[in-house]
Structure formats: structure tokens, C-alpha cells
There are 2 protein chains.
Amino acid sequence: MKLYWHPFSVFPRRVQIALREKGIACEEVVVDLPGGALRSPEFLRRNPFGQVPVLEDGATVISESIAILEYLEERQPSPALLPRDPERRALARQLMLWSGDYLAPAWKAWLAPRFDPAIAPNDPTVQQGHHNLTTHLDVLEPRLEGNDYLVGDYSLADVCYAPFITTFDLIGLTDILDRHPRVRAWSNACRTGPP
Amino acid sequence: MKLYWHPFSVFPRRVQIALREKGIACEEVVVDLPGGALRSPEFLRRNPFGQVPVLEDGATVISESIAILEYLEERQPSPALLPRDPERRALARQLMLWSGDYLAPAWKAWLAPRFDPAIAPNDPTVQQGHHNLTTHLDVLEPRLEGNDYLVGDYSLADVCYAPFITTFDLIGLTDILDRHPRVRAWSNACRTGPP
């Protein structure tokens, strides 16, 4: 098995976490993202939309982190990273999708000034990013009441959020974590294991 | 079971297709989208991100069309809308995600002038939308060689693309279908059943 990734892209980290949780051996190939390798004909044969992660397992080539996570879950069901009952599986999947659809764009908007000098830290898009991150954590905070993890046991929902949430203290978002103590405890648990 | 939807939103149609394919009885509730009901406190309790579709099944409330489709597949596995082997399931899921991540934004960009008079039909974003729709169909066309449907048998991959692809002739995109004859035949099959 081969995972194509680059440290500048956060989505492959979801796959790296799941591989480690399941103890699946996988060769990790760093794609030269700054050098434009995602647009090379060789890489576009793996993913025509030019994004990492891509997982190769023999002749099977899969892009989209959520599709890869579901594949790993089916290929190696133990330890389980999805609940057993359909209702909680649905909630886990909803959260997996929320993290990419709503948290990720806000997180990128907040970080944009670090990568694009034309975007000032007080740009309205950056402030909107901060606002959307705050309201997203407002949604997560009550879900963590009485739960160490988002849907009870540790699941792919946590795996999908962790690469974003665990950066908050490092990228100037300590204020948001301060206002969401359960999210902070959950972020710590995602990083280091349960207390 | 209750499905919250509105005809102006294309994502709920995926769920409506799956419900009909599986013969699942479901009450359909039209949310007053033009009247702002997606931002009402009542609806935000169902989906804090204010989007349709939302499926209610007893106490279970699920948003995100892909999470809903997976739930319906698990709740009523027959007729199956995902392949049986993990490799083809992964490809189906990859395509489900591609349709939302890449085709949907291009489709919306192309349609934007119809909903926003400030956007001219020759606006660069509209032309980029047309370009991205074309290159997306360039990706799908070879996958339909020798297949009536995207991963062989009819699946959730087709269900996710159908609400977008079947509109092309109605929204001025006949030129793109003309250049992708297999996509055109597949779109017709999604609308009317296999030839």
C-alpha cells in the first residue's frame, strides 16, 4: 500500500492517523507539492483533480480522504473506527463531512495571510474564518458533554477533525479553545490519547 | 421518516432518488428556502449549518446527503446501491465525493447569472465553471467505456451525479454533452433507466 501526501496538505493526515490506529503498513510518498507535482501528468493519472491524499493498494487507486478512510475500515475492520449501529454511523459520517465542508474552509481562510502576503490579517475573509471556526466549535462543544469523543467511542469523526483542531493553539486560535473547554479536552485526547 | 428539502436545492434530489430506488416511504417536507427558513432556530436545531437535505428517522437527525445515502444503504440494503467488494465501493465513494467537491461548484458557477443579475454570462467565473464542467466530463467519459454506469452496476455514484448531469441539456450545456457521447447516454439512462 502507498499513500501519496505532503506535509503542507492537512487532509492526508486523516489517512495517516487511521493507518496508525489500525496498524496497517503503508509506504508514504511525499509528492513535490510546492514544485507543482500535483499537476504533473503522472500524478493526474492517479487523481485527475490533482489533490492528495491518494492511496494505492495494488491496482486500486483511491482519492478523497473520506473514501480512503471508508476503504481502510472495510479492509481492516479492527480496531473499529466507525460505530456498529446505523444511527451512530450516520452521525459519525455527518461529522466527517461537516469537518471538510465547513471547518476546513474557515481554517484555510484564517491561515491565508501566512501563505499569501496580499491578504492582510484584518481582511474580512480572515475575520469571517475566525467567526466560522468559533460557531463551528459552538456546534461541537455540547456534543462533547459526557463524551470523550464526538460520537462516544473514538471514531473516524475524530480522525477527520483532529488534523485541524489540534493545530488551534499553534496558529493563534487559543482564544477559541479557551471558550470551548470540552473541545480543548477532546483536542488534547486526540493528540495524546484519553486522560 | 421525513426528508426536509426544497426544489431550489439540488442535493436533496440524491436522497429522493435513493428513497425511490429502495422503495422507502418518506414524508417530504418543503423548507421555505426563499423565505429564509434554513436560518430559523427550528431548522438550525436540525442542521446547525442550515442546509438541506436533512433526514429524520425517529430521534435520528442526519444532514449531509452522502451521510444520508450511506444510512439508507445500511438501513435497507436491498436493492444494493453500493458494490459488494471494497475496491469498487471505494471507487463509488470517490465518485460520490468528486461530484460534490468538483462538479457541483462548477455547475453553480455556470448557473450564477440566472440567480444574480450582477454576474454577467461572460464573467470569468462563469467561463471557468464551463471549463471545469468540461474537464470533469473528460474524466468521466473514459470511465463509461463498456459500462452503462460509473462503477459497472447502477450505484450511489450515479445517484450523486444524476441531479446535476441530467440538467445539462436544460441549462445551456448541450455543447458539453455533444463532446461526451458516453456521458450523454449515461445521463439518459439515469433519467429513464437503461436502454
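Is B:S99 buried or exposed? B:S99 is buried, at a relative accessible area of 0%. Buried stands for under 20% relative accessible area, exposed for over 50%, and partly exposed for the range in between (1.4 Å probe, protein chains only).

1. Basis. This is a predicted model, in which local features need pLDDT of at least 70 and side-chain atom pairs count only at pLDDT 80 or more, while totals for chains, interfaces and linings use all residues. Residues are numbered from 1 along each chain as its sequence is written, chains are lettered from A and ligands numbered from 1 in the order in which they are written, and side-chain values use heavy atoms, with hydrogens and water left out.

2. Surroundings of B:S99. The residue sits in helix 4 (residues 86-115) of chain B. Helices (H or I, at least four residues) and strands (E, at least two) are DSSP runs, numbered from the N terminus. Leaving aside residues up to four places away in sequence, B:S99 touches B:R14, B:A104, B:C160 and B:Y161. Contact is defined as heavy atoms within 4.5 Å. B:H136 is 37 residues from B:S99 in sequence, and their C-alpha atoms are 9.0 Å apart.

3. Domains of chain A. The assignment gives domain 1 (2-75) and domain 2 (86-192). Such bounds come from an automatic or database domain assignment. The contact takes 10 residues from domain 1 of chain A and 15 residues from domain 2 of chain A. The centres of the two domains, taken over C-alpha atoms, are 22 Å apart.

4. Area between the domains. Domain 1 and domain 2 of chain A bury about 1100 Å² between them. Of this, 74% is on carbon and sulfur atoms. Buried area is the accessible area (1.4 Å probe) that two parts lose on being put together, summed over both.

5. The interface of domain 1 and domain 2 of chain A has 1 salt bridge. A salt bridge needs a side-chain nitrogen of Lys or Arg within 4 Å of a carboxyl oxygen of Asp or Glu. A:E70 and A:R93 form a salt bridge at 2.7 Å, N to O. Between the two domains of chain A, 4 residue pairs are in polar contact (both at pLDDT 80 or more). A polar contact is a pair of N or O atoms within 3.5 Å; within protein, one must be able to donate a hydrogen and the other to accept it, and residues adjacent in sequence count only if both atoms are side-chain atoms.

6. The domain 1 face. On the side of domain 1 of chain A that touches domain 2 of chain A, helix 1 (11-22) and helix 3 (65-75) are the elements giving two or more residues. Helix 1 of chain A has the largest share, 6 residues. This side divides into 6 nonpolar, no polar and 4 charged residues. Ala, Val, Leu, Ile, Met, Phe, Trp, Tyr, Cys and Pro count as nonpolar, Asp, Glu, Lys and Arg as charged, and the others, Gly among them, as polar.

7. Salt bridges within the chains. The structure holds 26 salt bridges over all chains. One of them joins A:E73 and A:K22 at 2.8 Å, N to O. A:E73 is in helix 3 of chain A and A:K22 in helix 1 of chain A, so the pair ties together parts 51 residues apart in sequence. A:E73 is buried at 9%, and A:K22 is buried at 5%. In chain B, B:E73 and B:K22 meet at 2.9 Å, N to O. B:E73 counts as buried at 10%, and B:K22 is buried at 5%.

8. The chain interface. Here 28 residues of chain A are in contact with 28 residues of chain B. The chains bury about 2700 Å² between them, 63% of it on carbon and sulfur atoms. A:F49, A:E64 and A:E74 supply 24% of the area that chain A buries against chain B, more than any other three residues.

9. Links between the chains. The interface of chain A and chain B has 6 salt bridges. B:E74 and A:R93 meet in a salt bridge at 2.9 Å, N to O. A network of salt bridges links A:E70, A:E74, A:R89, A:R93, B:E70, B:E74, B:R89 and B:R93. There are also 8 residue pairs in polar contact across the interface of chain A and chain B (both at pLDDT 80 or more). On the chain A side, helix 4 of chain A gives the largest share, 11 residues.
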